[in-house]
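Hello,

Here is the structure I said I would pass on. My notes on the ligand site and the sheet follow it.

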Amino acid sequence: MPTTSTARPMDGTGPARRITETASAAAADILRRTGTAPCLATVLVGDDPASVTYVRMKRSRCEKAGIRSRHVALPASVSTEALVETVTGLSQDPGVHGILLQHPVGPHIDERAAFEAIAPEKDVDGVTMHSFAAMGFGLPGFVSCTPGGIMRLLDEYGVDPAGKHAVVVGRSPILGRPAGMLLLQRDATVTYCHSRTTGLSSIMREADILLAAVGRPRFITGADIKPGAVVVDAGYNPGNVGDVDFDTARERAGLITPVPGGVGPMTIAVLLAQTVEAAARALGVG
Ligand code: NAP
């Protein structure tokens, strides 16, 4: 009888709690020393239910961690100019230390222009060209929160990317692309796959570290996974379903993130940590 092994789950909730506790203690220290609590401004365009939920969750986590949040809700019909003006105002406001512009902002808006209105020192979500270039060059700066959370999760489970073949499925500017850059920075050999990739399954089967960032429910199955691989599922699809078919994948993988409870909590924890770091620098106690 062939034996089947079952992957060890890479739980993100415990590490995220520890990162959040550290950020919360630092926020309290900043308040004690300066009389000012760190403040994250959230900007939401329209009322897409998923975006509304994400922003509400991020604000609630902030408040629990001693980070003030200032919320700006704009109608879906807002123009690029008006959105840029709002974000520029927050960039210039000394009472705001970090800015989160919830993506997506709607097809009629020049999202890049809106992101670029975020001052680099307040770009705690790591979405500006400045942050992206710093990630690319391996220089200090704020990282995209989900890729940053993924790297911390790998560290937490003792996964050293050096010399490993990392296959990143997805190349979006907020997720797949920066995640590949951070893996490369840690000396992985990185292959990017996307919707035009041919022979996707055979490429995925070569991965020591397989990162799913596709946005398609249960797109990657056990048959796509090299035995013993580290599988990181960043996907978050309606119904709390990841991009990886967990039940078949866990029979092949060595380590695997669950959905929910894997990458998701790490994303928010990195956002909080980076907001506190931005506040500490702005208030001269960093
Ligand atoms: P996105 O902008 O839609 O990008 C999806 C990527 O997947 C694109 O690069 C696309 O290729 C690629 N792709 C689509 N179909 C494919 C196929 N059949 N074969 C290979 N590649 C394919 O999505 P995203 O914003 O990166 O998000 C991806 C997923 O991560 C979503 O489920 C999202 O909810 C989740 N997410 C989770 C968090 C978190 O905190 N956990 C944060 C952000 C996003 P092309 O470039 O060729 O179109």
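**Ligand site**

A polar backbone atom of Tyr-236 sits 2.9 Å from an oxygen atom of the ligand. Please keep in mind that this is a predicted model.

In the side chain of Thr-146, an N or O atom is 3.4 Å from an oxygen atom of the ligand. The protein buries 72% of the 930 Å² that the ligand exposes when taken alone.

There are 21 residues around the ligand, and those that come nearest are Arg-171, Ser-172, Ser-195, Tyr-236 and Thr-267. By class, the shell splits into 10 polar, 9 nonpolar and 2 charged residues. Helix H10, which covers residues 263–282, contributes the most to this shell, with 3 residues.

**Sheet**

The model has an open sheet of 6 strands, paired in parallel and ordered E1-E9-E8-E7-E5-E6. Strands E1 (8–9) and E6 (189–193) are at the edges with a single partner strand each, so one side of each has no neighbour in the sheet.

Further in, strand E5 (residues 165–169) and strand E7 (residues 209–212) run parallel and are joined by 4 bridges. Across this pair, Val-169 is opposite Ala-212 of E7.

Regards

Definitions and conventions:
Residues numbered from 1 in each chain as written. Predicted model: local features only at pLDDT ≥ 70, side-chain atom pairs only at ≥ 80, totals over all residues. Heavy atoms only, no water. Near = heavy atom within 4 Å. Polar contact = N/O pair within 3.5 Å; in protein donor to acceptor, adjacent residues only side chain to side chain. Areas by Shrake-Rupley, 256 points an atom, 1.4 Å probe, with all protein chains shown as cover. Helix = DSSP H or I, 4+ residues; strand = E, 2+ residues; numbered from the N terminus. Nonpolar A, V, L, I, M, F, W, Y, C, P; charged D, E, K, R; others polar. Pairing = 2+ DSSP bridges.
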